[in-house]
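User: I would like to go through this structure in questions and answers. Please begin with the terms.

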Amino acid sequence: MGPAVTAEELEALARRHLWTHFTRLGAYQDRPLPVFTRGQGPRLYDVHGRSFLDGLASLFVVQAGHGRADLAEAGRRQAQELAYYPIWSAAHPAAARLAARLAAVAPGDLNRVFFTTGGSEAVESAWKLARAYFKEVGQPQRTKVVSRALAYHGTTMGALAVTGLPAIKSAFEPLVPGAVHAANTNRFRSDFEPEAVADDERFASACAAAIEDAIVAEGPETVAAVFLEPVQNTGGCFPPPPGYFAKVRDVCDRHGVLLVSDEVICGFGRLGAWFGAERYGFLPDMITFAKGVTSGYAALGGVVCRDFLAEPFLQGDASYAHGITFGGHPVSCAVALANLDVLQEEGLLTHVEEAEKGFAERLQSLRDLPVVGDVRGAGFFWALELVKDPDHPEIRFTPEERMALIRGQVAPKLFQRGLICRADDRVDPVVQLSPVLTFGDAELDEVEEILRAVLTEVRTS
Ligand SMILES: Cc1ncc(COP(=O)(O)O)c(C=O)c1O
C-alpha cells in the first residue's frame, strides 16, 4: 500500500494525470471530478462517502449489482489456477466452457464464439469476420455495412465508421470506408409521414425499407452486413416497432446480407431475456456482446456466430486471421461463467420481465411534467426525452440550449440528489435509465422520486 491519500489529493491526481474518456477535460479544471471508491448492491459510494443509486448499471454494465463476493471469488480462483494463457491455437477450460454456455443461451445455431476484450472490438471483429467470410465463399466485393442514424457501435476506427453519431466521428475522419447509415426507429421524431409513423405495420415497413434502400443504393452485391441494436441506445432508447426485425431479416435474406445484432447493451437481461434477438423473435447471423456478460467484474466481449459463418474456416488452410492478446482472458471467462450463474439462479431475467411494467408506469407518470415530451424503452432500458414546449414538441432545443439544460441543470441536479443515470445532450436531450437488474420497488420508487424532483425544478427558457 502506498501512503494514505485524501479525497482531495485523489481528485487532484486524477485531474492531473488521468485522461478520462469522452470528457471535456477543461470542465474539470475548476470543479471536482467524481471519484467512486466502492459499490454495494444497487449503490455506489464516492471518495467522500456519499451514496448514489446506480440507475445506469455504471454504463449499462453491472447487471448483477456491486460488491459481490461470488463474482470476485470466481476471478480470484481463476487467477490463482491459471492467470493467463492466450486462446491463440489453444484453449483453456474457462473459455471453452463459456463459449459452450453462450452457444446454449444464444438463439438458433449461433454456436461459435470469438472472444474480445470489449464491445468496440466485438463490432470490429464482426465486420472483419463478415468480410473474411465473403472472401472465402467467393463474394470478395461484399465489404460494406449498413447501420442506423445516430447508433453507437464503438470507437475503434472500424466500429466508429459503423457508428452513426457525427459528433464523435468528425475529429477522426477519414474513417474506414464502406459504412452507410439508414433511418432508425425514432418514432417521436421521424421523417416518415405522420400517418405511417402512427401505424405499427406501416412504420415497421418504412424503417425496414430504409435499410433496403441503403443496401440497394450501395449495390447489394457490395454489402456484407447490417448492424442493429435490438433497442437503439443513442438518441434515447428507440424500441423496434412490432414486426420490424422480421422485415429486416427478410431484407437481409433477399440481398444475401448478414444481420448482426449488436447486443453490447441489450444482452444479459437488460431486456428481460438473454438477448434482445430472443425478445423480438429474430435470428441474427451474429450477436456482438460485452458489458453485462461479466457484470463488469472483468473485461470481456465477443461475437457469437451461426455455424455457417465458421464453415469455410473449418477446412484446409483457411483462417480468420484475427486475434487479441487478452480476448477470452481466463479470469474474464471465469467471471462471466459465474455471472451467468447469478443471472440464472437469482432469476434476474424473469425479474426484469416482471418488473418492466411497474418501471414503465413510474416513468410514464412523469409525463405530467411539461418538460417530459416522450417516455420510451423496454425491459430495464428507458429514456425520457425532454422538450421545450409540451404543446409543440416539434420545436427543438438548439445545441447551446441542450447543453445548458443537460450540463447546466439536469446532470448536476441528478448527481446532487444521488441518482446515477445518463443525461445526454448529443442529440435531442434525454435522460436514460438502465439500472442494476436487482432494482426492486424501493429503488424504482427512488428513481421516480428523484426524477420528479429534478425535472420539476429545471427551466427550459
Ligand atoms: C451497442 C454498442 N456497441 C458497441 C459498444 C462499444 O463497446 P465498448 O465501449 O466496450 O468498446 C457500445 C458501448 O456502449 C454499445 O453500446
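Analyst: A residue is called buried if 20 or more other C-beta atoms lie within 10 Å of its own, exposed if 12 or fewer do, and partly exposed in between, with C-beta atoms placed from the backbone. This is a predicted model, in which local features need pLDDT of at least 70 and side-chain atom pairs count only at pLDDT 80 or more, while totals for chains, interfaces and linings use all residues. Residues are numbered from 1 along each chain as its sequence is written.

User: Does Ser-365 count as buried, exposed or partly exposed, and why?

Analyst: Ser-365 sits in the loop between helix 13 (348–364) and strand 11 (372–378). Helices (H or I, at least four residues) and strands (E, at least two) are DSSP runs, numbered from the N terminus. Because Ser-365 has 14 C-beta neighbours inside 10 Å, its class is partly exposed.

User: Which residues does Ala-126 contact, leaving aside its neighbours within four places in sequence?

Analyst: Ala-126 belongs to helix 5. It has 33 C-beta neighbours inside 10 Å, so Ala-126 counts as buried. Two residues are in contact if their C-beta atoms, placed from the backbone, lie within 7 Å. With neighbours within four places left aside, the contacts of Ala-126 are Val-260, Met-286, Thr-288 and Val-303.

User: Which helix gives the most to the shell around the ligand?

Analyst: The ligand is surrounded by 14 residues, the closest being Gly-118, Gly-119, Ser-120, Gly-154 and Val-264. A residue is near a molecule if its C-beta atom, placed from the backbone, lies within 6 Å of it. The most, three residues, comes from helix 5 (residues 119–136).

User: How do the residues of the shell around the ligand divide by class?

Analyst: Ala, Val, Leu, Ile, Met, Phe, Trp, Tyr, Cys and Pro count as nonpolar, Asp, Glu, Lys and Arg as charged, and the others, Gly among them, as polar. On that basis the shell around the ligand holds five nonpolar, seven polar and two charged residues.

User: How is helix 3 oriented relative to helix 12, and why?

Analyst: Axes are lines fitted to C-alpha atoms, for helices over the stretch in contact, and angles run from 0 to 180 degrees between N-to-C directions. The axes of helix 3 (residues 69–81) and helix 12 (residues 330–345) come within 8 Å and cross at roughly 150°. Angles under 35 degrees count as roughly parallel, over 145 as roughly antiparallel, 65 to 115 as roughly perpendicular and the rest as oblique. Helix 3 is therefore, relative to helix 12, roughly antiparallel.

User: What is the class make-up of the contact of helix 3 with helix 12?

Analyst: Helix 3 contributes residues including Leu-71, Ala-74 and Arg-77, and helix 12 contributes residues including Val-331, Ala-334 and Asn-339. By class, the contact of helix 3 with helix 12 has nine nonpolar, three polar and two charged residues.

User: Is Cys-237 buried or exposed, and why?

Analyst: Cys-237 lies in the loop between strand 7 (223–228) and helix 9 (244–255). Its phi is near 50°, a positive value in a residue other than glycine. Since Cys-237 has 26 C-beta neighbours inside 10 Å, it counts as buried.

User: What is the phi of Lys-291?

Analyst: Lys-291 is in the loop between strand 9 (286–289) and strand 10 (301–306). With 27 other C-beta atoms within 10 Å, Lys-291 is buried. Although Lys-291 is not a glycine, its phi is positive, at about 35°.
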